[in-house]
Amino acid sequence: MVRTTEQLSAAASVGILGVSAVGKEELAVDYLAPALDMVVVNTGKSIRGAAYMAHQLGQFEGGRGNALRLRSGAESCVRDWVTEGQRGLRFVVRRHDRSAHIFFGDTDMTDVLRPDGKGFARQRIMEPAAALIAANPTIRQGLNDLWRTTAIRLGGAIIVTKRIDDYLPEAHGKYFLYVTDPRVLAEYRMVRGVSATDWLADEVSYLAARDRLHGSYELDVVPDGAFRIDMTHMLLKRSGMQKAASTVIADLAAKFSHR
């Protein structure tokens, strides 16, 4: 059977999955992308970009207990942003960066959406809004289309993501990273300078609440057949990330040899 270009590009993609702070971005950008000569697409950038623009353009309102909620009709508006191509949210590859940047129209939003962002972009404020965006079925379908078409346009990509089977089930490899000690997750974020709080115990609590929020929306799903990698004893060690990368690369090579 002759496979189409779309099928080949989808199958060439690699999914890096897991809950918050398990090292997905570092593993993908600093280790796997150079070794595999691939571009990283961090799906979280588009979710945060959509949340940020929804805030900027008045698509959120206060709900019960001062919680944010999307205004009536906002889901269709946000969905349009992720399906408008050059005018809306899109991923753009920059030669100097292994991780694709997120644009809204002609504006590069990547730096605005950094974990240490200010104002609405602060993690404690952005995260609940981003979860609303990610969990909305109408918006999610648009995001799924964006992520799939981006991976295919790139001829395959390393996707830092959740629920990859919803839009790229053909991906050649799917790797779910996890950590059994929540203190390791918190310390990793503090060492990286991307923590949402200033104290280890507070960061542990923040991450637990964040994962509960994602769990309530069923975002952290382990795909069937995913290779599980325990990062507990690797995340904070100097050689740990290289070990994890070697595990992924060896598994990909084995999969390729059996195709």
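Trainee: Which residue in strand 9 is the bridge partner of G18?

Mentor: The partner is L177. This is a predicted model, in which local features need pLDDT of at least 70 and side-chain atom pairs count only at pLDDT 80 or more, while totals for chains, interfaces and linings use all residues. Residues are numbered from 1 along each chain as its sequence is written, and side-chain values use heavy atoms, with hydrogens and water left out.

Trainee: How many bridges link strand 1 to strand 8, and in which sense?

Mentor: Three bridges, in the parallel sense, connect strand 1 with strand 8 (residues 158-160). I16 has V160 of strand 8 as its bridge partner. Strands of a sheet pair through backbone hydrogen bonds, either parallel or antiparallel.

Trainee: Why is strand 1 called mostly covered?

Mentor: Five of its five residues are buried, where buried means under 20% relative accessible area, exposed means over 50%, and partly exposed is in between (1.4 Å probe, protein chains only). V14, I16 and G18 point one way, G15 and L17 the other way, and all are buried. In a regular strand the side chains alternate between the two faces of the sheet.

Trainee: Why is D37 called exposed?

Mentor: D37 has a relative accessible area of 61%, which is over 50%, so the label is exposed. D37 also has a positive phi, about 55 degrees, although it is not a glycine. Its loop runs between helix 2 and strand 2 (40-42).

Trainee: How do you know that Y188 is buried, and which residues does Y188 touch?

Mentor: Y188 has 8% relative accessibility, which is under 20%, so Y188 is buried. Contact means heavy atoms within 4.5 Å. Outside four places in sequence, Y188 touches A21, G23, E26, L235, L236 and M241. Y188 belongs to helix 7 (residues 182-192).

Trainee: Why is A244 called buried, and where does A244 lie?

Mentor: Its relative accessibility is 0%, under the limit of 20%, so A244 counts as buried. A244 lies in helix 9 (residues 240-257). Its contacts beyond four places in sequence are L27, I229, M231 and M234. The C-alpha atoms of A244 and L32 are 9.6 Å apart, although 212 residues separate the two along the chain.

Trainee: What makes D251 buried?

Mentor: At 14% relative accessible area, D251 is under 20%, so it is buried. D251 is also in helix 9, and it is in contact with Y175 and F227 when neighbours within four places in sequence are set aside.

Trainee: Why do strand 5 and strand 7 count as edges?

Mentor: Three strands form an open antiparallel sheet in the order 5-6-7. Strand 5 (89-92) and strand 7 (107-108) each have a single partner strand, so one side of each has no neighbour in the sheet. Strand 5 pairs with strand 6 (residues 101-104) over four bridges, and V92 has H101 as its partner in strand 6.

Trainee: How many helices and strands are there in the protein?

Mentor: Nine helices and ten strands, counted as DSSP runs numbered from the N terminus: H or I of at least four residues for helices, E of at least two for strands.

Trainee: Why is the protein called as compact as a globular protein of its length?

Mentor: The radius of gyration, taken over C-alpha atoms, is compared with 2.2 Å times the number of residues to the power 0.38. For 259 residues that rule gives 18 Å, and the protein has 18 Å, so the description holds. Of these residues, 48% count as buried.

Conventions
Pairing = 2+ DSSP bridges.
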